[in-house]
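Have a go at each task before reading its solution.

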Amino acid sequence: MASSPIESRWIVTAPPHMAGPDSTPRIMWTVVLSLLPALLFGFARFGISSVMVVLAAILGCAAAERMFGSRKQSLLDGSCLITGILLGMTLPPGMPMWMAFVGGVFGIGAGKMIFGGLGNNIFNPALLGRAFLQAAFPVAITTFPKGGGSFFTLVGDTFALPLMRPNLGEGGIDVITEATPMGLMKFDQEPTAIWNLFLGSTSGSLGETSAILILLGGLYLAWRNYLNWRIPLAIFTTVFALGSLLWMIGIEAYPASPMFLLGTGGMVLGAMYMATDMVTSPVTNLGAYLFGIGIAIMVVVIRVWGGLSEGMMYAILFMNALVPFINRKTQPRVFGTKRGLKTKKPEATS
Amino acid sequence: MALKHHEYSSPHFLGGVHPPESKELTAHLPVRRMPFPDEVVIPLSQHIGAPAKPIVKVGDHVERGDLIAEAGGFVSVPMHASATGTVKEITRWPHPSGNLTPAIRIAVDKHSAQVPRARTIPDWRGLSKPELIQAVQDGGVVGLGGAAFPTHVKLSPPEGTVLEYLILNGCECEPYLTTDHRIMVEQPRRVLTGLLIMMRALDVKVGLIGVENNKPDAIVALQEVLPEYEAELKEHGMRIDVIGLTVRYPQGAEKMLILALTEREVPRGKLPLDLGVLVQNVGSVASIAEIFETGLPLLERVVTVTGHGIRKPSNVLVPIGAKLKDVFEFCGGVTMDARQIVMGGPMMGPSQANLETPIIKGITGIVVLPAGEVKSQEEYDCIRCGHCLDACPVFINPQRLGLLAKNMRYETMQEDYALNDCMLCGCCSYVCPSNIPLSQLFGASKAYLRRNG
């Protein structure tokens with residue numbers, strides 16, 4: 001045996017002894033950063049109420065993360081902040097704060113923490129929170145106030161007490177609502193100018209109106225390799241193709257141009273940020289294309305033939321559920337073989 | 001200096017990573033010979049295959065270059081005394097792999113001139129093929145690129161094998177290392193002679209030397225001496241090309257190198273031999289040439305001693321069996337904040353804590369990392385970003401394999417997810433943002449399956 005003792009300063013670990021620059025918190029905080037322009041645009045347009053809604057959603061997410069989480073640090077990795085911001089951005093700016101808070105708690109609690117926290121959830125937590133709100137408060141979530149007023153004017157019953165009926169419309173706080181482009185199309189067959197959709201000067205959810213800022217944020221993330229660009233590419237291309245087809249055939253109930261389909265609703269935010277959520281989208285690149293195509297078909301079907309004006313949320317949640325299946329069926333082709341591996345039986349782990 | 005080599009335009013392998021190269025620490029430094037230490041320790045197992053069998057006993061006097069252990073079989077090589085001295089002990093000693101393995105300790109005679117015994121130097125052109133193979137085995141030559149596979153075994157392909165290409169691996173894709181780089185720059189004739197010997201022995205008509213484009217001086221050095229060999233190559237209808245390759249880790253992995261140079265994928269479960277290709281490291285063929293130049297067996301090798309944790313990064317000619325502490329002393333010692341010693345390249349080399357560990361034939365470099373550069377071990381749950389799938393050069397699914405490994409489902413990993421194709425290159429671990437030790441998990445899973453499968 002060696003005569004000299006081993007110095008305790010030497011660290012022994014397994015190779016590789018170098019690590020790339022990316023880390024999970026760094027990815028999460030970069031996503032938060034890239035969301036800020038669209039979020040600030042929403043704040044500027046809809047005023048103090050929208051700030052309150054987003055804050056409440058973030059607080060709800062953070063509360064659930066801390067309450068059900070096993071690690072204190074999980075609050076610092078930035079992932080629940082993303083959920084809070086994304087949830088807030090999909091809500092109408094005049095929504096009562098307590099509802100947004102409940103949505104955040106449900107999204108993180110039932111959408112993420114019961115699966116084991118970051119990385120283990122099946123559904124996008126922000127969309128699950130929104131789905132819950134849609135089911136629980138169908139009126140509040142479809143009341144869209146008109147934007148563009150003074151910043152400090154409340155545009156809704158922001159401070160309504162929990163479980164009270166929000167005091168909207170006649171006799172309550174004076175709220176001027178405005179139909180969204182989606183609603184106009186769905187119920188009145190009236191299109192909105194594409195340019196307005198693109199810039200965001202319409203009514204709608206507080207963070208979804210400016211397509212261009214969301215696109216820019218998403219492109220930045222794609223450039224950093226923090227989102228799989230194949231997913232939005234597949235969604236946009238498929239929606240455009242299907243939309244063109246329907247436009248040429250001409251459906252009386254839904255005279256929407258393909259550009260209208262692309263520019264409205266949560267389409268851009270959903271395709272860029274919700275569908276590309278790393279945890280709930282496929283890991284394989286072929287799977288990413290299939291996932292995007294599936295979302296696009298679902299969303300067009302819901303919008304044109306369904307009873308809702310908006311379909312992005314359900315389309316993504318539905319495809320989230322198929323991700324383990326897609327992953328299993330799109331295993332990469334192993335080096336030196338012709339085709340991918342065939343797996344024999346379904347896996348218990350996802 | 002104008003670049004004379006042509007950039008190879010063929011698409012390189014897919015996947016892989018490009019870590020900071022950090023080769024500038026030693027790339028320009030000529031190889032220096034270190035003084036003989038007080039003691040050398042020669043492990044009996046420095047190669048893939050059976051350990052060597054000692055033929056000396058304690059108290060014997062040995063001269064530099066003497067045989068001290070004979071090959072333990074065909075897939076094995078003999079060991080030689082790398083310094084003149086007295087056999088002190090035959091015992092179990094720390095090995096770079098982390099285990100204690102049988103080794104011969106030799107107390108070096110401080111007053112010896114370290115001159116080897118007079119010997120006849122065979123002319124390789126006059127040797128028959130079996131004699132040549134025997135000479136290479138007797139020289140103790142193994143692959144010097146890290147795996148340490150006995151070279152004479154590669155010279156003895158199964159009957160009926162037709163070889164089309166002999167590929168020399170001068171990629172040195174691991175960060176920090178400049179061992180092969182310096183050998184190509186300083187000993188281009190040995191590299192080409194060694195290649196010629198192998199081509200003649202195996203009757204291969206085309207020799208390809210693949211060098212990453214970050215070593216233009218090595219490419220130029222080889223191309224400058226190539227004309228000296230033209231006549232002999234022409235006489236036998238042979239050809240040698242020096243080809244610059246994309247700088248990307250793991251370009252030097254056998255399958256990736258073959259793909260880049262021949263545009264062929266080695267079929268899964270097959271060997272390069274089945275494609276008519278044989279790959280050898282540049283340092284190994286240089287040591288073959290050296291055997292027939294000096295008559296001496298493999299007694300020393302070039303080792304890059306580098307990293308920000310060493311005071312004087314150097315390319316050192318180290319006697320086999322010199323201890324880490326002696327090598328460090330020659331390189332000015334380690335810095336105050338040095339925290340990790342890696343034997344080999346930082347992507348695949350194991351780390352070592354015992355400075356009594358000897359340098360063996362397969363050690364390409366020693367990288368000493370200071371406190372600030374030691375990889376963090378903080379781990380997050382997998383966020384399924386899929387970056388590991390993009391980085392994997394053999395296109396397996398490290399994400400799924402990692403989850404399966406953590407659930408100890410080793411058989412499923414093997415049967416459904418091609419664990420065996422993993423070559424533990426470490427690309428997946430390198431890119432993982434959650435810092436999951438994927439390649440470590442796969443190494444452990446493979447070890448489990450070897451033991452229980």
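The exercises below use a predicted model.

**Exercise 1.** Work out the strand order of the open six-stranded sheet in chain B, and find which strands stand at its edges.

*Solution.* Start with the order, which reads E1-E14-E13-E17-E15-E16 in chain B, with mixed pairing. Next, look at the ends: E1 (32–33) and E16 (351–352) of chain B each have a single partner strand, so one side of each is left without a neighbour in the sheet.

Now zoom in on one pair. E13 (residues 300–306) and E14 (residues 314–319) of chain B run antiparallel to each other, joined over six bridges. In this pairing, B:Arg301 sits opposite B:Val318 of E14(B).

**Exercise 2.** Describe the side of chain B that touches chain A.

*Solution.* First count: 56 residues of chain B are in contact with 39 residues of chain A. Then ask which element gives the most; that is E15(B), with four residues.

**Exercise 3.** Find how helices H2 and H4 of chain A pack.

*Solution.* Begin with the geometry: H2 (residues 48–68) and H4 (residues 97–111) of chain A pack at about 35 degrees, their axes 7 Å apart. The crossing of H2(A) past H4(A) is right-handed. Then list contact residues, including A:Ala56 and A:Gly60 of H2(A) and A:Gly103 and A:Gly107 of H4(A). Sorting the residues of this contact gives 16 nonpolar, five polar and one charged.

Conventions:
Residues are numbered from 1 along each chain as its sequence is written. Chains are lettered from A and ligands numbered from 1 in the order in which they are written. This is a predicted model: local features need pLDDT of at least 70, side-chain atom pairs count only at pLDDT 80 or more; totals for chains, interfaces and linings use all residues. Two strands pair if DSSP finds at least two bridges between them. Helices (H or I, at least four residues) and strands (E, at least two) are DSSP runs, numbered from the N terminus. Two residues are in contact if their C-beta atoms, placed from the backbone, lie within 7 Å. Axes are lines fitted to C-alpha atoms, for helices over the stretch in contact, and angles run from 0 to 180 degrees between N-to-C directions. A crossing is left-handed if the near helix is turned anticlockwise from the far one by less than a right angle, and right-handed if clockwise. Ala, Val, Leu, Ile, Met, Phe, Trp, Tyr, Cys and Pro count as nonpolar, Asp, Glu, Lys and Arg as charged, and the others, Gly among them, as polar.
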